Amino acid sequence: MTDKQQTSVFKQARWIWTQGETKPTFHISNFRKTFDLADAAKSAKLICCADSKYHLWVNGQYVGFGPARSHPDHPYFDTHEIAPYLCKGKNTLAFRVQFYSGGSNIFAAIQGGLIFELTGPGKNILAASDDSCRAQTSD
């Protein structure tokens with residue numbers, strides 16, 4: 001992923017991944033981002049992508065999975081409207097990312113990663129992937 005491709009979609013988000021050695025063939029990492037909202041959001045658009053696949057929960061409720069298959073040099077980014085899952089006060093985004101480190105017939109093995117950005121009304125950034133995300137490799 002080049003910086004140009006990354007910044008064309010995201011304003012603050014950065015690709016993140018867990019520390020340590022990547023497991024051969026199949027690696028699963030979990031990510032959490034907690035943030036506060038002064039009021040319940042009327043609209044909230046989450047744009048995200050992962051290498052290779054992700055599952056998404058908002059405040060403990062399953063939202064969906066992705067991303068759509070694409071070429072590693074031109075990744076697709078998914079958009080989820082998550083306002084119905086958010087509340088006033090503390091909110092948590094949780095991702096489980098599956099990285100096919102050995103490659104497969106449908107995924108090229110590039111590098112495990114997750115990127116996301118949540119925007120509210122007026123395109124205000126409410127949360128983004130960065131070093132403050134909790135990250136852990138799954139056993």
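Trainee: Which residues touch the most other members of the largest nonpolar core?
Mentor: Keep in mind that this is a predicted model. The core holds 26 residues. Those that touch the most other members are Ile82, Leu86, Leu93 and Phe95.

Trainee: Which element gives the largest share of this core?
Mentor: Several strands give two or more residues: strand 1 (27-37), strand 2, strand 3 (53-58), strand 6 (89-99) and strand 7. The largest share is four residues, and it comes from strand 6.

Trainee: How many residues are in the second, separate core?
Mentor: Its members include Ile47, Cys49, Ile115 and Ala128. The count for this core is six residues.

Trainee: Is Ser129 buried or exposed?
Mentor: Ser129 sits in the loop between strand 8 (125-128) and strand 9 (134-137). Beyond four places in sequence, it touches Gln12, Ala13, Arg14, Ile16, Leu114, Ile115 and Phe116. The cut-off for buried is under 20% relative accessible area. Ser129 has 0%, so it is buried.

Trainee: Which residue has its backbone oxygen 2.8 Å from a polar atom of the Ser129 side chain?
Mentor: Look among the contacts of Ser129, which include Gln12, Ala13 and Arg14. The backbone oxygen at 2.8 Å belongs to Arg14.

Trainee: How many charged residues are in the lining of the second largest pocket?
Mentor: This pocket has a volume of about 150 Å³. Val9, Lys11, Lys45, Ile47, Glu117, Thr119, Lys123 and Ile125 line it. By class, three are nonpolar and one is polar, while the charged residues number four.

Key
Residues are numbered from 1 along each chain as its sequence is written. This is a predicted model: local features need pLDDT of at least 70, side-chain atom pairs count only at pLDDT 80 or more; totals for chains, interfaces and linings use all residues. Side-chain values use heavy atoms; hydrogens and water are left out. On a 1 Å grid over the protein atoms alone, a cavity is a set of points where a 1.4 Å probe fits but cannot get out, and a pocket is an open set with protein on both sides within 12 Å along at least five of seven lines; lining residues have an atom within 4 Å of a point. Grid points are joined across faces, edges and corners, and a volume is the space filled by probe spheres set on the points. Ala, Val, Leu, Ile, Met, Phe, Trp, Tyr, Cys and Pro count as nonpolar, Asp, Glu, Lys and Arg as charged, and the others, Gly among them, as polar. Buried means under 20% relative accessible area, exposed over 50%, partly exposed in between (1.4 Å probe, protein chains only). A polar contact is a pair of N or O atoms within 3.5 Å; within protein, one must be able to donate a hydrogen and the other to accept it, and residues adjacent in sequence count only if both atoms are side-chain atoms. Contact means heavy atoms within 4.5 Å. A nonpolar core is a set of buried Ala, Val, Leu, Ile, Met, Phe, Trp, Tyr and Cys residues joined through side-chain atoms within 4.5 Å.
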